[in-house]
Amino acid sequence: MASLTKNPNVNKWVDEMIALCKPEKVMWIDGSKEQLDALRAEAISTGEMIKLNEEKLPGCLYHRTKPNDVARVEDRTFICSRKKEDAGPTNNWCDPKEMYAKLTPMYDGVMKNRTMYIIPYSMGPIGSPLAKVGVEVTDSIYVVLNMAIMTRMGADAFKNLGDTSDDFVRGLHSKADVDPEKRYIVQFPEDNTIWSINSAYGGNVLLGKKCFALRIASYQGKNEGWMAEHMLILGIEKPNGEIKYVTAAFPSACGKTNLAMLIPPEGYTKRGYKVWTVGDDIAWLKPGPDGRLYAINPENGFFGVAPGTNEKSNFNALASTRKNTIFTNVAINNDDMTVWWEKLDKNPPVNATEWKGEKVNGPEYVAAGNKLAHPNSRFTAPAENCPCISPEFNNPQGVPISAMIFGGRRAKTAPLVYQSFNWQHGTFVGSIMASETTAAATGAVGVVRRDPMAMLPFCGYHMGDYWAHWLEMGKILGDKAPKIFNVNWFRTDENGDFIWPGYGDNMRVLDWIIERCEGAVDAVETPIGYEPKPEDINVEGLDGITTETVADLLSVDKDLWKEEAAGIEEFYKKFGEKLPKELSEELANLKARLSK
Ligand code: OXD
Ligand code: MN
């Protein structure tokens, strides 16, 4: 099949990949409906995909991965920069020459009896000055069908590249034997290259997502003056029709998709507030012509965790999955070929197939303490399905960002919300982000895992240099920089129960954040940053939460924060010489304020 581009850089690289993998057949993915329909039919006929109920879930497919292949594998993920110090202490590193030498024999002939699919795709709207092109070659139809949802895929993607540019990310994927001992997810940032082998699970194989849009893109952003962040993007429409955009970074499993699609409480919707989703996982940010920071969502769909998603927790996410969606590792209801997962509702199907493929009696299986869906089972849903998708979703210029929010899961330390004193302090606040393991739910204080800017597994270069880049961006943006905040929805009471209701009620905190950006509300200065006056958090219509509860949620325990500062100092030691002096300064300032 003829190439879809005249670009010699693409064609030369594709020829090399064909020579290496020796596929039986080669298919360029043009993105046409006919081609995708044929691939769906083929995958259904081989059992790779299962067709779901066409009336209840039109266009939806089911896929099951091997039980040893159900999540990202951080211990087998490498950043292969030429110099070890450029990968830094938070990444696995290997010399690129050594890694190519180790993996090349593994790819040699790996597609012998298989078809190689060549997928051109754009991260970001086609034609956007912020978008970038990738080409992924793979031997998996599952990858093609997922990339068709998650990216702008097909021949049009080459429009942004043109006939001569070399600026595309080369992604090579083979599921090979799905052998966990030989599984590698490798980024070569200086070569614009990703090699992934022996996995067939989402985050490891949809190379546009974590591998490109975060690991490679964060490195590109440092060199080109922009930022790739593990952040959702949402717009808050006020009753006067004005929309303010914010981004937010949380570690995995802290409710990013829920916040991105929140439905405001009734008191707000009645007054005319609305929330618009631009993205739920990744933001690419660049200063615009007016000097403000603009964001696009490089993705075109949502690869969300299914368990826990229901009409109450995330109505919009669930609605997004009702057509043209791929479900991976959830349970099947064999009576009507629909899907089920934990907390979807209280009625596990009686005639169920659990995620590994065994037919079981759902209620009995669950009562015995088993899970019908894998806890990391996923939906791959088109963004256009989302009822609250932003009208700006495809805007090539992106949306201007007023605030950036960091957060984690902390039982006691972090207050409901605080604002950094300035960008430098905000960079510090992001760098000390942390989550506690969910042992906290039983009342015991969990183990703290530091996850700076939620980028720990996704930063494609030395974290110290990454912080320096943040500080540099602050200088470029000057007084046009977004304001930086930290939130914590997860404070617990003496019984270990969450105090703040979360979900849609997080709108009340976003409301204060927007007011701060507009200079419309005062704040109280504390040792850790600016906090709301408790009465400035709207508690109208909340059950059992009063302004006193809010005051409690905003309390700053100096002793706990002194321990926190000691933990940060220990963490910072890892980064040695590369720790920007501005961040040590911020730590010293925090300590001084706490001892006052
Ligand atoms: C994700 C993650 O899958 O952050 O988005 O792990
Ligand atoms: Mn993520």
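Residues are called buried under 20% relative accessible area, exposed over 50% and partly exposed in between, using a 1.4 Å probe and protein chains only. The structure is a predicted model, in which local features need pLDDT of at least 70 and side-chain atom pairs count only at pLDDT 80 or more, while totals for chains, interfaces and linings use all residues. Residues are numbered from 1 along each chain as its sequence is written, chains are lettered from A and ligands numbered from 1 in the order in which they are written, and side-chain values use heavy atoms, with hydrogens and water left out.

Figure 1. Lys22 sits in the loop that links helix 1 (8–21) to strand 1 (25–28). Helices here are DSSP runs of H or I with at least four residues, strands are runs of E with at least two, and both are numbered from the N terminus. Lys22 counts as partly exposed because its relative accessibility is 37%. Its phi is positive, about 50°, although Lys22 is not a glycine. Most residues other than glycine have a negative phi.

**Figure 2. The loop between strands 20 and 21, with Lys343.** This loop runs between strand 20 (338–340) and strand 21 (352–353) and contains Lys343. The phi of Lys343 is near 70°, a positive value in a residue other than glycine. With a relative accessible area of 62%, Lys343 is exposed.

**Figure 3. The whole protein chain.** The protein chain holds 16 helices and 30 strands. Its C-alpha atoms fill a box of roughly 70 × 55 × 45 Å along the principal axes. For 596 residues, a compact globule would have a radius of gyration near 25 Å, and the 24 Å of the protein chain agrees with this. The radius is taken over C-alpha atoms, and the globule rule is 2.2 Å times the number of residues to the power 0.38. Of the 596 residues, 60% are buried. The accessible surface comes to about 22900 Å², and carbon and sulfur atoms account for 50% of that surface; the areas come from the Shrake-Rupley method with a 1.4 Å probe, and for residues only the protein chains shown count as cover. Among contacts between residues at least 6 apart in sequence, 73% join residues at least 24 apart, where contact means heavy atoms within 4.5 Å.

**Figure 4. Domains 2 and 3.** The domain assignment, which is automatic or from a database, gives domain 1 (8–50 + 72–225), domain 2 (229–300 + 391–555) and domain 3 (302–385). The centres of domain 2 and domain 3, taken over C-alpha atoms, are separated by 29 Å. Nine residues of domain 2 are in contact with eight residues of domain 3.

**Figure 5. The surroundings of His374.** His374 is placed in the loop between helix 10 (362–367) and strand 23 (378–382). Its relative accessibility of 15% means that His374 counts as buried. Leaving out residues up to four places away in sequence, His374 touches Val70, Pro307, Asn329 and Trp355.

**Figure 6. Helix 3 at Tyr100.** Tyr100 belongs to helix 3 (residues 96–107). A relative accessible area of 22% makes Tyr100 partly exposed. Its contacts, not counting residues up to four places away in sequence, are Pro105, Phe188, Asp191, Thr193 and Trp195. Leu477 is 377 residues away from Tyr100 along the chain, and their C-alpha atoms are separated by 39 Å.

**Figure 7. Strand 8 at Gly171.** Strand 8 (residues 168–174) includes Gly171. Gly171 counts as buried, at 1% relative accessibility. Beyond its neighbours within four places in sequence, Gly171 is in contact with Trp13, Val135, Glu136, Val137, Ile194 and Leu207. Between the C-alpha atoms of Gly171 and Trp284, which are 113 residues apart along the chain, the separation is 20 Å.

Figure 8. Met455 is buried, with a relative accessible area of 0%. Apart from residues up to four places away in sequence, Met455 touches Leu214, Ser218, Ala228, Glu229, His230, Met463 and Tyr466.

**Figure 9. The loop between strands 23 and 24, with Pro391.** Pro391 is found in the loop between strand 23 and strand 24 (399–407). At 62% relative accessibility, Pro391 counts as exposed. Pro391 and Val169 are 222 residues apart in sequence, and C-alpha to C-alpha they are 29 Å apart in space.
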